[in-house]
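This briefing goes through one structure topic by topic. Look at the sequence and the 3D view before reading the points below.

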Amino acid sequence: MKLMDEIVVVENLVKNFKDIVAVDNISFTIGRREIFGLLGPNGAGKTTTIHIIATLLKPTSGRVFVSGYNVVEESKRVREKIGIVFQDPSLDNQLTAYDNMYIHGKLYGLKGRELHDKIMELLDFVELKQFASKKVRYFSGGMRRRLEIARSLLHEPELLILDEPTIGLDPQTRARIWNYIRELRREYDMTILLTTHYMDEAEELASRIAIMDHGKIIAMGTPDELKAMLRGDAIYLVLRGDIDSFCRELSFARECRKIAENRIEVLVDNAPKVLPELFNIALSNNVVIQEVSYRRPTLNEVFLHLTGRELRETIEETPVIRRAYMRRHWR
Amino acid sequence: MDDRDLNAVASMIYRQLKRWISSRSRIVSVIVQPLLWIILLGLGFGAIFSAQNIDTSTWPSFVKINPELLKNIVSKYFTTLFGGVDYITYLITGMASMTAFMGSFISGISVIWDKQFGFLKETLVAPASRRSIIFGRMLGDAIINTIHSTAIILLSLLVSGSINIWGIPAALAYIFIMSLGFTGLGIALSLRFSSMEGFQMIVNLLTMPLMFMSGVFYPLKTMPDWMKTIALFNPLTYAVHGSRYWLTGTDTGLSFMNPLLDLAILSIFTTIFTIIAMILFDRASLED
Ligand SMILES: Nc1ncnc2c1ncn2[C@@H]1O[C@H](COP(=O)(O)OP(=O)(O)OP(=O)(O)O)[C@@H](O)[C@H]1O
Ligand SMILES: [Mg+2]
């Protein structure tokens with residue numbers, strides 16, 4: 001037992017499967033009430049990392065603690081603390097939603113009235129209450145996923161682990177699951193570790209992200225910190241007036257240049273923060289702003305920046321022009 | 001074993017029973033198969049192993065044997081062979097054990113299914129001890145198999161007049177212990193063979209000889225010696241002998257066998273395979 005503030009501590013973790021290095025010496029910590037995202041393409045080693053944290057695989061080397069307990073030596077303690085939704089389905093399709101919940105509760109030492117009430121409360125939370133006595137084999141993919149989330153919460157885990165929680169789901173169901181995750185964090189102060197290869201999902205939900213590739217963590221930080229690696233946002237303005245003197249006035253801009261007739265691009269650290277000031281400067285310089293837009297680099301660009309490859313299967317499509325631009329300027 | 005482990009045992013028994021209730025086809029197939037054996041073998045061979053069907057009218061006239069005396073002798077031969085009861089009684093009382101025996105290997109199949117459909121992970125990540133989880137599962141399956149055997153025994157009351165109703169609970173106890181042991185063996189095999197094909201192959205190779213070299217279909221006494229030797233190492237033999245003893249009062253085993261010894265041997269067998277299944281499940285990880 002090791003006392004610490006962090007709920008998850010991973011130190012120099014390595015996992016080999018025969019000759020495959022699935023996890024290659026990674027270290028990170030997760031603080032309480034954080035939503036920590038492991039983002040990476042297929043085969044990056046996300047699931048392997050999670051299975052080690054969940055005591056289902058043994059590390060080849062390195063140490064992992066959950067709530068201060070070593071996942072190898074104190075696996076039983078660790079199992080008490082975590083709730084997990086696996087990447088692949090793990091429900092008993094022959095049984096009803098209620099029975100799946102009931103068996104889980106019993107395995108975690110709950111019983112009687114208390115167990116029943118919690119089952120109904122959680123089925124209600126994931127909007128499956130009216131399907132409680134329906135067999136899981138008649139459930140849609142989204143319903144199964146929601147049931148798995150409800151099940152993983154039954155024993156009130158300190159750490160909720162979600163392995164690709166929205167993989168293969170339609171946009172509405174994804175949005176719904178995102179809402180549950182936000183609510184868990186807000187209402188229940190839950191710490192959540194989630195893996196995903198959708199960058200919009202990581203960006204939308206995670207307070208901190210580790211980007212994984214080929215078993216290594218290649219970058220880690222808040223979404224803003226990661227995007228700051230690309231050094232800022234781009235503001236696009238269509239304006240009338242003296243462009244050159246206007247540009248000179250923008251002391252906060254890293255770069256300000258004309259990209260077309262009446263159109264300029266301003267590179268800044270944080271576009272939303274400087275926009276008001278920019279408007280003020282325009283006003284006092286008699287420059288009329290006709291159009292304004294800004295783009296923030298997404299994690300997609302960060303991944304591209306770090307690996308030269310793209311995270312595929314992203315929902316949010318990035319415009320080609322901007323991508324070409326970024327290659328020119330940020331690499 | 002603490003409170004939570006007991007809870008886990010109960011939850012796995014619950015799960016196995018719930019699955020059993022919801023799969024009617026399995027119930028039917030498990031009951032229908034022995035029923036077919038009983039009808040096809042019991043009625044077919046039953047008629048052969050009966051002196052009433054000896055037809056003396058076609059014998060040459062120089063054979064001077066009193067037909068009644070002959071029927072008496074033959075009849076005595078068969079009843080001694082089958083321990084004092086007719087063949088159908090002999091067969092159906094053995095069939096009670098065999099039904100549970102065959103059912104026990106279905107547990108192994110269900111572990112492989114759980115591996116493939118992911119439910120196994122749900123049990124592996126639970127804080128309850130692995131031993132209690134697998135033991136609960138074995139108990140649940142053994143209970144189901146014993147219920148199947150009970151159905152066969154109730155059926156035997158209809159087809160045979162020589163069943164001792166008061167012996168039924170004792171017979172079921174033998175069957176339950178035997179089934180628990182073979183469930184453990186099935187699960188141990190399933191944890192070693194992760195493919196359904198591999199498991200099925202081993203099980204088929206195993207069940208057929210064990211089934212025939214156990215005294216279910218024909219007595220141990222008249223078996224060739226090598227067969228007898230194998231039968232002695234077959235736990236099913238002792239369940240068949242013991243449960244048949246309690247159901248019919250007959251002793252159809254070899255001279256050294258008795259119901260108490262049967263019980264002792266079955267208990268040892270079951271303890272060993274329960275422990276093996278527990279150890280293997282304790283070690284189970286996602287890597288194999
Ligand atoms: N049980 C196993 N045996 C052998 N190799 C494995 C095993 N599990 C994973 N691997 C390998 O380890 C690597 C990492 O796999 P992992 O499942 O952790 O990736 P992932 O990031 O979760 O990918 P995905 O997005 O596809 O789920 C892969 O190359 C995979 O083939
Ligand atoms: Mg994965």
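Predicted model: local features only at pLDDT ≥ 70, side-chain atom pairs only at ≥ 80, totals over all residues.

How far does a polar side-chain atom of N42(A) lie from an oxygen atom of ligand 1? The separation is 2.9 Å.

**Ligand 1**
- There are 14 residues around ligand 1, and those that come nearest are G43(A), K46(A), T47(A), T48(A) and Q87(A).
- For K46(A), a polar atom of the backbone is 2.8 Å from an oxygen atom of ligand 1.
- For T48(A), an N or O atom in the side chain is 2.5 Å from an oxygen atom of the ligand.

**Domains of chain A**
- Chain A is divided into domain 1, residues 6-226, and domain 2, residues 231-296.
- The centres of these two domains, taken over C-alpha atoms, are separated by 43 Å.

**Interface of chain A and chain B**
- In chain A, 32 residues are in contact with 30 residues of chain B.
- The two chains bury about 2,800 Å² between them, and 56% of that area is on carbon and sulfur atoms.
- On the side of chain A, the residues that lose the most area to chain B are L56(A), R79(A) and L107(A), which together account for 23% of what that side buries.
- Nine residue pairs are in polar contact across the interface, with both residues at pLDDT 80 or more.
- The elements of chain A that give two or more residues to the side touching chain B are strand 1 (6-17), helix 2 (75-81), strand 6 (82-85) and helix 3 (97-107).
- Helix 3 of chain A provides the largest share of that side, seven residues.
- Sorted by class, the side of chain A that touches chain B has 15 nonpolar, six polar and eleven charged residues.

**Salt bridges**
- Side chains of opposite charge can pair when their charged atoms come close.
- Over all chains, the structure holds 25 salt bridges.
- Between chain A and chain B the count is four.
- One salt bridge joins the side chains of R19(B) and D92(A), with 2.7 Å from N to O.
- This pair crosses between chains: R19(B) is in helix 1 (residues 3-22) of chain B, and D92(A) is in the loop between strand 6 and helix 3 of chain A.
- In another salt bridge, the side chains of R151(A) and E122(B) meet at 3.4 Å, N to O.

How values were computed
Residues numbered from 1 in each chain as written. Chains lettered and ligands numbered in written order. Heavy atoms only, no water. Contact = heavy atoms within 4.5 Å. Buried area = accessible area lost by both parts, 1.4 Å probe. Polar contact = N/O pair within 3.5 Å; in protein donor to acceptor, adjacent residues only side chain to side chain. Helix = DSSP H or I, 4+ residues; strand = E, 2+ residues; numbered from the N terminus. Nonpolar A, V, L, I, M, F, W, Y, C, P; charged D, E, K, R; others polar. Domains from an automatic or database assignment. Near = heavy atom within 4 Å.
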